[in-house]
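Please keep the sequence and the structure open while reading.

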Amino acid sequence: MSLAVIALILFVSIFLLVLYGYPVAFTLGGLSLLYALCFLDFSVLTLLPNRVMGVMDNAVLLAVPLFVFMGIMLEKSGLAERMLSSMASLFGSVRGGMAVSVVVVGALLAASTGIVGATVITMGLISLPPMLRQGYPAPLATGVIAASGTLGQIIPPSVVLVLLGSVLQVSVGALFRAALYPSLLLVAAYIVYILVLGVLRPRQFPTPDRQRVWNRSVLLGVLQSLFLPLLLIVVVLGSILAGIASPTEAAGVGAAGAILLTALQGRLTWAVTKDVCRDTTHLTSMVFMILLGATTFSLVFRELGGDRYLVGLIERSDLPEYQFLALVMLVVFVAGFFIDFIEIVFIIVPVVTPVFVAYGTDLIWLGILLGINLQTSFLSPPFGFALFYLKGVAPPEVTTGHLYRGIVPFLLIQVVLLAVVVFVPHWLGVGG
C-alpha cells in the first residue's frame, strides 16, 4: 500500500472518529502522530515544533480571541435589546415590521460580533417571545431569527473568514472586502422576502400599527440606539477595508470599544468581566487546540504525499474545475450537518486547497463560497447548529417542526446567493 493511500485512510479515519464524538483537537493531533510513527521516518516529526511556533507567531490569528472577546462583551451590553426596540418602532407601520427589525438587528449584531451562537441565542431570547405575542406564526418567527443569527458567518468581521484566510493563506482584509457585497445582498434578500410575503400572505403577519408614524422622537430614538454600534462597526471594519489597520489591530480596537460601550450602558461589572474573560478563554483555547492538531495533521498528510496524490488524481480524471468545486461544496454542506465550522475549516479545507491551487482558482472567491456554504449548513435540518441554539432558548410551544419548516425559504435564498457568487462573481465584486 502506497503512502498516499495511507494519507487518505488517515483523513477518512479522522473524519469518522470526529463524527463518532471524539474530541477534534486530540483526534487530529493524536491520530496523525500515530500514523507518522508507524509509516514515516521519525525525523519528520522534528519539523513539527517549527510548524507549531509558526502558528503561535501568526499575528493574524491574534484577531480570533479579540473578536471573540468583542462579541461576548457586546452580548452582555444590552445594546441588542435597545436596537430591536427602536427598530420595531421604526417599522411598526409596515406589515412584517418586527421581522424586518430582527433581520436588521441581526445583521448589525453579526457585523459587531461575528459569533453565530451568541447572536442566535441573544436574538432568540429578546425577539422570539414578543414576535409570538404579536401573532407571528412560530415557523416564520423562528426562521427569521435563525437566518438572521447566522449572518455572522459571512458578514465581516467574521471569525470564520479569519480562520479561512489563515488556512487558505490569503489576506483576511481581502476576504472581508470580498464578503461585503454578498452579505449585504443576502440581508436585502431576507428583507424583500418578508415584505413580499406580507403582501401575498397578510394573514401570517399581525396587523400593522397604521397610527405609528416616523416622527422626530422615533427617529431620534433609532439614531441613539444605533449610533454606538454603528460607530464601532465603522471603526473596526472601516479601518480594515480602508487599509488603515490590520485585522488584528482593528480587533484590538473593537475589543476596547466593546468594553467602553458596555460601561456606557451601565453593564460593566466584575461579574460580567469575569464571565466574558472565562468564555473568551474557553473558546480561544478550543480554537487553538484544534489549530495545533490541524497543523500536525497537515504536516503528516503532506509528508505521506496525500496532497500530491489528490492533485494527480484530479488531473488524471480530467475533472473540470467547476465539477470539482461542486463536489467540494457538497461535501462541506453535508459535513456541516454533523460537525462544527472550525472542524470543517481545519480538516477539509487544507486537503482540497492544493487541488484548487493547481486549477488556478481564485482563493479569495473560494473563501467566500466556503463562508456562504458553511452558513447554509448551519441552518439545514436536521442537524443545523443554529436550529439547536434557537430551540434551546425557545418557549415550550415552539416545536422542532416549526424550526424546520420556517427555515426552508431562507435556505433557498442562500442557495440562490451561492449560485450567483459561483456563476456571476464579478457582479458582486468577487473574483472568479
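A residue is called buried when its relative accessible area is under 20%, exposed when that value is over 50%, and partly exposed in between. By this cut-off Phe324, with a relative accessible area of 6%, is buried. The structure is a predicted model, and the values below are computed from it.

## Interior

The largest nonpolar core holds 151 residues, among which Phe67, Leu163 and Phe346 touch the most other members. Which residues does Phe346 contact, once its neighbours within four places in sequence are left aside? The partners of Phe346 are then Leu163, Val167, Val287, Ile290, Leu291, Ala294 and Phe297.

Thr295 is part of helix 13, which covers residues 270-303. With a relative accessibility of 9%, Thr295 counts as buried, because the value falls under the 20% limit. Apart from neighbours within four places in sequence, Thr295 is in contact with Arg51, Val52 and Val55.

## Aromatic pairs

The model contains 9 aromatic pairs. In one of them, the ring centres of Tyr190 and Phe410 are 5.2 Å apart and the ring planes stand at 85°, so the pair is classed as edge-to-face.

Is Tyr359 buried or partly exposed? Tyr359 is partly exposed, with a relative accessible area of 25%, whereas Phe324 is buried at 6%.

The two pairs are set side by side in the table.

| Ring pair | Distance between centres | Angle between planes | Class |
|---|---|---|---|
| Tyr190 and Phe410 | 5.2 Å | 85° | edge-to-face |

## Salt bridges

Side chains of opposite charge can pair when their charged atoms come close. How many salt bridges does the model contain? The count comes to 2 salt bridges. In one, the side chains of Arg278 and Asp275 meet with an N to O distance of 3.1 Å, and both residues lie in helix 13, 3 residues apart, or about one turn of the helix. In the other, Asp279 is paired with Arg278, and the closest N and O atoms are 3.8 Å apart. Asp279 is partly exposed, its relative accessibility being 27%. Because they share partners, the salt bridges join Asp275, Arg278 and Asp279 into one network. Arg278 is likewise partly exposed, with a relative accessible area of 48%, and so is Asp275 at 24%.

## Surface and loop

Val192, Val196, Val199 and Leu200 form a nonpolar patch on the surface, and together they have about 400 Å² of accessible area. Leu200 is in helix 10, which runs over residues 172-200, and counts as exposed because its relative accessibility is 65%.

The loop between helix 9 (159-168) and helix 10 contains Gln169, which has a relative accessibility of 69% and so counts as exposed. Most residues other than glycine have a negative phi. Gln169 has a positive phi of about 60°, although it is not a glycine.

Pro129 is placed in helix 7, spanning residues 116-134, and is partly exposed, with a relative accessible area of 27%. The C-alpha atoms of Pro129 and Ala394 are separated by 8.1 Å, while the two residues are 265 residues apart along the chain.

Key
Residues numbered from 1 in each chain as written. Predicted model: local features only at pLDDT ≥ 70, side-chain atom pairs only at ≥ 80, totals over all residues. Heavy atoms only, no water. Core = buried A, V, L, I, M, F, W, Y, C linked by side-chain atoms within 4.5 Å. Buried < 20%, exposed > 50% of the residue type's maximum accessible area, 1.4 Å probe, protein only. Contact = heavy atoms within 4.5 Å. Patch = residues over 30% accessible without salt bridge, like charges linked within 9 Å, V, L, I, M, F, W, Y side chains within 5 Å. Areas by Shrake-Rupley, 256 points an atom, 1.4 Å probe, with all protein chains shown as cover. Salt bridge = Lys/Arg side-chain N within 4 Å of Asp/Glu carboxyl O. Helix = DSSP H or I, 4+ residues; strand = E, 2+ residues; numbered from the N terminus. Phe/Tyr/Trp six-rings, centres within 6.5 Å; stacked < 30°, edge-to-face > 60°.
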